[in-house]
Amino acid sequence: MHWRKQAESGTLPVSTGRPGRSAESEELARLRAENKKLKADTAKLESRNEKLAGELGKTKTAPDIAGKAFALLQDISSSADSDTNSTRS
């Protein structure tokens, strides 16, 4: 209530909070906040990129493994066929 008496008597200071910011300091604060957000976004994207690169490596390896498995199965099948044919003769 003390401030009301000061306001009525005209002795209340004009500004009781922080001093106002200049246009330059406001722009600097805005740019710093934007820079901080962009750095955070960059870190997220770099992390996502690393994860996707790992998944891509696995995806590229899968056809090689499938091809080798297919070739092995063909060899086994050919061996089984030749064993069956040799026992029949």
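Predicted model: local features only at pLDDT ≥ 70, side-chain atom pairs only at ≥ 80, totals over all residues.
Residues are numbered from 1 along each chain as its sequence is written, and side-chain values use heavy atoms, with hydrogens and water left out. Local features need pLDDT of at least 70 and side-chain atom pairs count only at pLDDT 80 or more, whereas totals for chains, interfaces and linings use all residues.

View 1. Helices (H or I, at least four residues) and strands (E, at least two) are DSSP runs, numbered from the N terminus. The protein chain has 89 residues, and 0% of them count as buried. Buried means under 20% relative accessible area, exposed means over 50%, and partly exposed lies in between (1.4 Å probe, protein chains only). The chain exposes about 8,300 Å². Carbon and sulfur atoms supply 58% of that area. Accessible areas come from the Shrake-Rupley method with a 1.4 Å probe; for residues, only the protein chains shown count as cover. A search of the whole structure finds three salt bridges. A salt bridge here is a side-chain nitrogen of Lys or Arg within 4 Å of a carboxyl oxygen of Asp or Glu.

**View 2. Arg30 with Glu27 in helix H2.** The two side chains meet in a salt bridge, 2.8 Å from N to O. Helix H2 covers residues 23–88. Arg30 and Glu27 sit three residues apart in it, about one turn of the helix. Arg30 is partly exposed, at 42% relative accessible area. Glu27 is also partly exposed, at 37%.

**View 3. Arg30 with Glu34.** Glu34 has 38% relative accessibility and counts as partly exposed.

**View 4. Asp41 with Lys37.** This pair forms a salt bridge with its closest N and O atoms 3.0 Å apart. Asp41 and Lys37 are separated by about one helical turn because they are four residues apart in helix H2. Lys37 is exposed, with a relative accessible area of 52%. Asp41 is partly exposed, at 27%.

**View 5. The network of Glu27, Arg30 and Glu34.** Salt bridges that share partners join these three residues into one network.
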